[in-house]
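User: I would like to learn how to read some features of a protein model. Could we take them one at a time, starting with the backbone?

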Amino acid sequence: MSADPVPVRDDLLEVEPYGAPQLDVAVQLNTNEPPYPPPAAYTELLCARLGGLRLNRYPDRRAWGLRGELGARFGVPPEEVWAANGSNEVLAQLFQAYGGADRTLLLFRPGYSAHPLIAKVAGTPVVEADLDAGFSLSAGAARAAVQAHDPDIVCIARPNAPTGVSIPFEAVRALHDSGRGLVIIDEAYAEFAVDDVTALRGELPRLVVTRTFSKAWRLAGARLGYMLAPPWVVDGVRRVRLPYHLDALTQAAGLAALELEKEMTAHVPEVIAERDRIRGALLALGLEVAESSGNFLLFRSTATDLFDRLLAKGVLVRDFSSAPRLEGALRVTVGTPEENDRFVNALEESLI
Ligand SMILES: *Cc1c(COP(=O)(O)O)cnc(C)c1O
């Protein structure tokens, strides 16, 4: 009998589990969640609903009611909507269904670090192209990247993470029109931006748009994401989803949130105003700050131990300083006005 540990798959040996530090710090501005919990009206509605769930039974496997309500917000039928446990699971299902060992996924650097990780787990080879110096992408560069790699899937976040920059519509069109694969636009932060690509769906038949309830909707703890996609893509991911993948509690959480959309997202204008206020403060401190249309800001400093100095003052941000193309960069999530003041003050003191 062998008591030796069984090795994981060879291609997972050097994979680091995803995750920012979850530290017990006074001001937590490192994972882009909204600073406020959902309103009391939401918790009350959800509690009232929970009593009516028949939890001895499996949930509606198709999540038809939820998909119908999500679709109604965009004027599309439930056949063009798919929901799962966070938009990361939607991406995992897309990569499983449309990726695989003999296919390629095109990503752009710098980008969301979960994308290559999810691809790796789905056994999908990744090819990468660089964003421009301002972290955007021209139509010409988009076309060149697609023509060089002929990918089966292209995926980019818009607004992008961790930069906050939104690539122009012309680049999205070029990613689509110069290739043959799925074009996935990860719109986790769309509600904080001035525009979104859902308007391009009619024009771009292979476009898939993923969204989440984790950011503007204040439900990161519930794990709910969705996509708007052509019906044949929804049919594709149905082949890889686990049986009854989306539980009844999460479906109820999503339906209740949609009923209270105005209240759930009421904080968004304040977050946008605070983002722009913090950006001004960072620029005034002489820092280089990316143009963000998300609920966070990426900034660069030459002070090497800035992350630790902020942490010592009780402010946790995200450290990207050793990531490729992001040397010296930190990212701060927009918090409450008080948290943002504490961050700016801690930064001022740390830079003296
Ligand atoms: C936060 C984030 C998500 C959200 O993932 P969920 O699984 O829905 O919580 C997706 N994409 C990007 C780029 C993000 O930053």
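User: Is Arg-223 buried, partly exposed or exposed?

Analyst: This is a predicted model. Buried means under 20% relative accessible area and exposed means over 50%, with partly exposed in between. Arg-223 has 34% relative accessibility, so it counts as partly exposed. Arg-223 is in the loop between E7 and E8, and its phi is positive, about 60°, although the residue is not a glycine.

User: Which relative accessibility does Asn-32 have, and is it buried or exposed?

Analyst: Asn-32 has a relative accessibility of 1% and therefore counts as buried. Asn-32 also has a positive phi of about 60° without being a glycine. Its place is the loop between strand E1 (27-28) and helix H1 (40-50).

User: Where are the cis peptide bonds at Pro-159 and Pro-162?

Analyst: Omega is the angle to read here. Between Arg-158 and Pro-159 the peptide bond is cis, with omega about -5°. Between Ala-161 and Pro-162 it is cis as well, with omega about 5°. Pro-159 is in the loop between E5 and helix H6 (169-177), and Pro-162 is found in the loop between E5 and H6 too.

User: What is the strand order in the sheet of seven strands?

Analyst: The order is E2-E8-E7-E6-E5-E3-E4, in an open sheet with mixed pairing. Strand E2 (81-84) and strand E4 (126-130) are the edges, each pairing on one side only. From one strand to the next the twist averages 25°. Within the sheet, strand E5 (residues 153-157) and strand E6 (residues 182-186) run parallel and are joined by five bridges; Val-154 stands opposite Val-183 in E6. Helix H2 (residues 64-74) packs on this sheet and touches E2, strand E7 (207-212) and strand E8 (225-228), its direction making about 125° with that of E2. Helix H7 (residues 231-238) lies across E2, E6, E7 and E8, at about 30° to E2.

User: Which residues make the nonpolar surface patch?

Analyst: Leu-50, Leu-55 and Leu-249 make a patch of about 260 Å². Leu-249 is in helix H8 (residues 248-259) and is partly exposed, at 40% relative accessible area.

Note on methods: Residues are numbered from 1 along each chain as its sequence is written. This is a predicted model: local features need pLDDT of at least 70, side-chain atom pairs count only at pLDDT 80 or more; totals for chains, interfaces and linings use all residues. Side-chain values use heavy atoms; hydrogens and water are left out. Patches are made of residues with over 30% relative accessible area and no salt bridge: like charges are joined within 9 Å, nonpolar side chains (Val, Leu, Ile, Met, Phe, Trp, Tyr) within 5 Å. Accessible areas come from the Shrake-Rupley method with a 1.4 Å probe; for residues, only the protein chains shown count as cover. A salt bridge is a side-chain nitrogen of Lys or Arg within 4 Å of a carboxyl oxygen of Asp or Glu. Helices (H or I, at least four residues) and strands (E, at least two) are DSSP runs, numbered from the N terminus. Buried means under 20% relative accessible area, exposed over 50%, partly exposed in between (1.4 Å probe, protein chains only). Two strands pair if DSSP finds at least two bridges between them. Axes are lines fitted to C-alpha atoms, for helices over the stretch in contact, and angles run from 0 to 180 degrees between N-to-C directions. Contact means heavy atoms within 4.5 Å.
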